[in-house]
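User: Could you walk me through this model and tell me what stands behind each label you use?
Analyst: Gladly, let's take the labels one at a time.

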Amino acid sequence: MPFNFKFPAWYTTPMAQVVAVGFTCFATVGMFSAVSNLGAGGLSNITLSDTSQGVLYGLFAVTGLISGGINNLLGPQLTLFLGTLGYAVYVGSLWCYQVRGTGWFVIFAGALEGISAALLWSAQGSIMMSYPLEKDKGKAFAIFWAIFQFGSFLGSIIALAINIESGKLTAVSNATYIAFLVIIFIGIASAFLVLPPNKVIRSDGTIVKLEAVSKPHEEVVGMIRLFKDWRMIALVPMFFASNYFYAYQSAVNTARFDGPTRALNATLEGAGAIIGALLIGYFCLDLKSLHRRTRGYLGLAVVTTIVIVVWSVGLSWQVTFTRADLNDTNFINYHDADYRGKAALYFFYFFSDACYQALAYWIMSALTNDPFKLARYAGLYKALQSAGEAGSFGMDAVATPFLNEHLASWILMLVSFPLAWLVLRTVKETNYGDEEMVYVDDVKRQQAEEGAAAAAAVHPGDPERSSIEKESVDRSDAQISQT
């Protein structure tokens, strides 16, 4: 008899799967961010760093256009597994460069990470947006984002402790690299803990989707429809802007603050991202007392207000200095009086970032519950996001004035809000009536009926056996009606 393992009921729930994919991203993407916060990401060779990042985001953007389809063909487990591999290779390349000076390996690893990251984030987006019930999609983002961002937060705390003790961040030790790589490899293995959509059962008894994978011709048709959907076109500015501001914020952090203060800012950024995601997910986007479209309008109003206030405060500080004013002798330290307010600014920069991304994911997830469609949406989102990030780092690489970078980042977000409002107008109270919903009880009953029919076909002249099979089906129906 073949071995048929049955998962515990709690493990097949959507939130258990969101936590599982959150842990995978915490242990891979989060640890990569943590190593970067420890100084490994800041290569001493600026040309090598720019080349590697350019290759990474370029391939990320290109692969993202098709990564949703790849996820649908391979399934989330294998896609997530392949998506995690690039992070291990990239961290290994930083270690190798520190020890051996192998610059080519860093560029190769950047290319590999760009491809694999697109796969990872398409699988993640599909799971996070399609597995939960419609009323829980804001909470799903909040849980995932908090777990994922905790990796970066952890690395920044370690960097802060080292900086405060020594006054600077020295080279990352071999033992530290080994420790982080071990965690990353655990994260890679954890990708196989994620279940396909046909194994996940929501609390209302529905299965996310009967099919575990899609077919090639269905993906071709799906991609064509994706690029013809006016709602996706309207969301292009929001997708493009969603990571555009990272280059500006990172550049100002490096140019204006000393090592310990940069580490403190990174810690505040992580805390802001975690708190922002939890607050908007639980207390805004999933408010039970409001209709779904109203929750979307509320989320848009809250995010718009936060972005205007936070970036207005940032602008009031930005106009006080330029690149020409900066040198190694006028860094700001967290003990200085000039640091007042800057800590709060960096906290709320990433608080608003989490809210902005929560809104983008929530809008996409409100348009459909189909995991295959949402994988394509997530792939497009990450493709345009990476293209925007590549463009913003390109602006910074040619020493664009900080004020121009600030305004470009801010204006892109402001332009995205009216277009997001147009898409929100199309959000229905529910998509359950428009999409096929399969209940696990119906599947069990169908399987019982098929078993009875098969037994009758094998023993057509045995009325006693046929009556036994019929009684089994009737008993199954009675049990279903009782539940």
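User: At roughly what angle do the axes of helix α3 and helix α6 cross?
Analyst: The axes of α3 (residues 76-100) and α6 (residues 174-190) cross at roughly 170 degrees and come within 9 Å. Each axis is a line fitted to C-alpha atoms over the stretch in contact, with angles running from 0 to 180 degrees between N-to-C directions. Helices here are DSSP runs of H or I with at least four residues, numbered from the N terminus. A word on the source: this is a predicted model, in which local features need pLDDT of at least 70 and side-chain atom pairs count only at pLDDT 80 or more, while totals for chains, interfaces and linings use all residues. Residues are numbered from 1 along each chain as its sequence is written, and side-chain values use heavy atoms, leaving out hydrogens and water.

User: What makes α3 and α6 roughly antiparallel?
Analyst: Angles over 145 degrees count as roughly antiparallel. The axes cross at roughly 170 degrees, and therefore the two helices get that label.

User: Which residues meet there?
Analyst: Among them are Phe-81, Leu-85 and Trp-95 in α3, and Tyr-177, Leu-181 and Phe-185 in α6; contact means heavy atoms within 4.5 Å. By class, this contact has 14 nonpolar, four polar and no charged residues. Nonpolar covers Ala, Val, Leu, Ile, Met, Phe, Trp, Tyr, Cys and Pro; charged covers Asp, Glu, Lys and Arg; the others, Gly among them, are polar.

User: Why is Trp-410 called buried?
Analyst: Buried means under 20% relative accessible area, exposed over 50%, and partly exposed in between, with a 1.4 Å probe and protein chains only. Trp-410 has 12%, so it is buried. Its place is in helix α15 (residues 402-424), and its contacts beyond four places in sequence include Val-307, Trp-311 and Leu-315.

User: Which members of the largest nonpolar core touch the most others?
Analyst: Trp-121, Phe-144, Trp-311 and Ile-363 do, out of 116 residues. Helix α13 (residues 342-367) gives the largest share, 18 residues. Such a core is a set of buried Ala, Val, Leu, Ile, Met, Phe, Trp, Tyr and Cys residues joined through side-chain atoms within 4.5 Å.

How values were computed. Angles under 35 degrees count as roughly parallel, over 145 as roughly antiparallel, 65 to 115 as roughly perpendicular and the rest as oblique.
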